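Okay, thanks for coming, everyone. Have a look at this one with me, and we'll go through what surrounds the ligand.

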Amino acid sequence: MSADNTGRPHFASRIGFIFAAAGSAVGLGNIWGFPTQVANHGGGAFIIIYLLVMILLAVPALYAELSIGFIARANPVEALRDACRKHPTQKPLFGSVLGFVSLTAAIFMLGFYSILAGWMLAHSLGSVFSAIGWEKGVEFVTQNTVQRNLSFCLLVTSLTAGIIFAGVKRGIEAWSKRLMPLLLLLLGSLIIYVLFLPGAQQGLALFLRPDFDAFLQPKLYLAAMGQAFFSLSVGVGGMMIYGSYLRRDENLGRLTMTVAGLDTLVAFMAGLLIIPALFAAQSIGETIMSNGELIGRSQLIFDVLPRLFDSLGWFGNVVGFIFFTLLSIASITSTISSTEVPVSYLIESKKQSRNAAVLLVSITVLALSTLIVFNFELLFRAIIALLTHYTLPLMGLMYFVVIGWIRPWPSDLNNEGIFKTLLRMHIKYICPILMLCVFVSVM
Ligand code: PHE
C-alpha cells in the first residue's frame, strides 16, 4: 500500500482521487433516484432547483467535508475531534460525537445500500441466465426472497471487502480507475440505444419541461436538498476520509468542482436514459404512471424495464445485462467509500490491522443488512428516509458549523484571495441559514 512519510496511505494520483470520489458520489442515487425524482417533482422544475441547491449548498458541503479530512489527515472521528479542539474554548467532545454519528450513518447506509446493490447484481446475473435459458436460475435471482436478498448482500459485502483489503492505492484507487470509465461507457451506449426506441421522445419531454406550479411546493426543496446531499455522498464521512488521503499540494476547490460536475453529469445522463426508457415501455402497453406520478420505484426498475427488454427478444438480455451491470458498478463504487470510514477508524484509532478491520466492519454490515431483510417492511424505508432526508443534510450543516464557526479558517487551504473570503462568508452564514429555511418550511 502506498504511504506518505507519516506512514498513512494516500492516493497515488489526482485522477485516482477524482475517480474514487466520483465513484463514491455516482451511485443508485444518480441513476435510479434522480430521474424518478425529476419525473415526480415537476420535470425541469426539479432540475433547476436541484442545480441551485447543488451550487449553493451541496458543493460547499462537499468542500467542507473534504477539507476537514484534508487538513487533519485522519479518519472522520479524529478529524472532527481535531477540528473542534482548535476552537478557543476547545470542544473535542462535540467533535467526537459528530465523528461517531458519521461513522454510524456510514454503517446504516451500508446496511440498506448493500441490499439494493445486491438486487442489481442479481438482476444482472438474471440476464445471463435468461440468455442461456436457465429458467430456475432466473427465478431465484429475480424473485424477492429472503434467500436471494441475503446471498446477494453477502456477495456485495465480499466484493467491497475484497477491494478495501487491497488498500487505498491498489484497492480503492485501482478499482475506481477501472470501473468508472466502464460505467460512463455503458451509460453512454444505453442512452444512444434507448433514445431511438418508439415512445422515448415523450419521456425526454417530461424530463426536460418544467412544471411551474411545482416551484411553489416546499416539498420540492426538501427533496432536492436530500437528493443533492445523498448524491454527493456528503454526511457519512466517506468524502472526509478520501480528502485525508489527498496529497498536501492538491487544489481542493478545483477537485471539489470536478467531482460535483461529474456526479451531476451522470445524474443528468441517467435522466436521458431512464425516463425515455419508461416511456418506451409505456408505448408497448406498460403502465408507468398513476395519478400523475410514476408508480413505485422498484416496480419500474425490476418489472417495467425488464418487460421492455424482453420485448426486444434475445438482444433484450444484452441490454438488460448492460443496464443492471451499470447499476451494480455504480453501487459497488459507492459502498467502498462508506466502508473505508469505520475501517480507517479501527486501523488508526484502535490499532487494528487492515484485514481485521475490514472483517469486523463487513460482519457488522452483514448483521445489520440481515436484520433489515428480516424486518423489511418495518426498517427498509424508514432507514432510507431517516438517512437521506435528515441525517445526511444535518451532518452537512454540522460540517458548515465546524468549518465556519468552530475551527479557525485554515490557512493551509490553497485558495487565497477574494474567492476564499466569499466562500468563507458563504459557508459561515448563508449555507446554515438556507438549510434551516428548507427544514423549517416543511415542518
Ligand atoms: N452518492 C451515492 C449515490 O448517489 C450514495 C452514497 C451516500 C454513497 C453516502 C456513499 C455515502 O447513490
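So, by class, the shell around the ligand splits into six nonpolar, eight polar and no charged residues, with Ala, Val, Leu, Ile, Met, Phe, Trp, Tyr, Cys and Pro taken as nonpolar, Asp, Glu, Lys and Arg as charged, and the others, Gly among them, as polar. Quick caveats: this is a predicted model, where local features need pLDDT of at least 70, side-chain atom pairs count only at pLDDT 80 or more, and totals for chains, interfaces and linings use all residues. Numbering runs from 1 along each chain as its sequence is written, and side-chain values use heavy atoms, with hydrogens and water left out.

That shell has 14 residues, and the closest are Ala25, Gly29, Tyr113, Phe230 and Ser233; being near means having a heavy atom within 4 Å of the ligand. Among the helices (DSSP runs of H or I, at least four residues, numbered from the N terminus), α2 gives the most to the shell, three residues.

Now the polar contacts, that is, pairs of N or O atoms within 3.5 Å. A backbone N or O atom of Leu28 is 3.1 Å from a ligand oxygen. For Asn30, a side-chain N or O atom lies 3.1 Å from an oxygen of the ligand. And Tyr113 puts a polar side-chain atom 2.7 Å from a ligand oxygen.

How much of the ligand does the protein bury? Taken alone, the ligand exposes 320 Å², and the protein buries 100% of that (Shrake-Rupley, 1.4 Å probe).

Terms used: A polar contact is a pair of N or O atoms within 3.5 Å; within protein, one must be able to donate a hydrogen and the other to accept it, and residues adjacent in sequence count only if both atoms are side-chain atoms. Helices (H or I, at least four residues) and strands (E, at least two) are DSSP runs, numbered from the N terminus.
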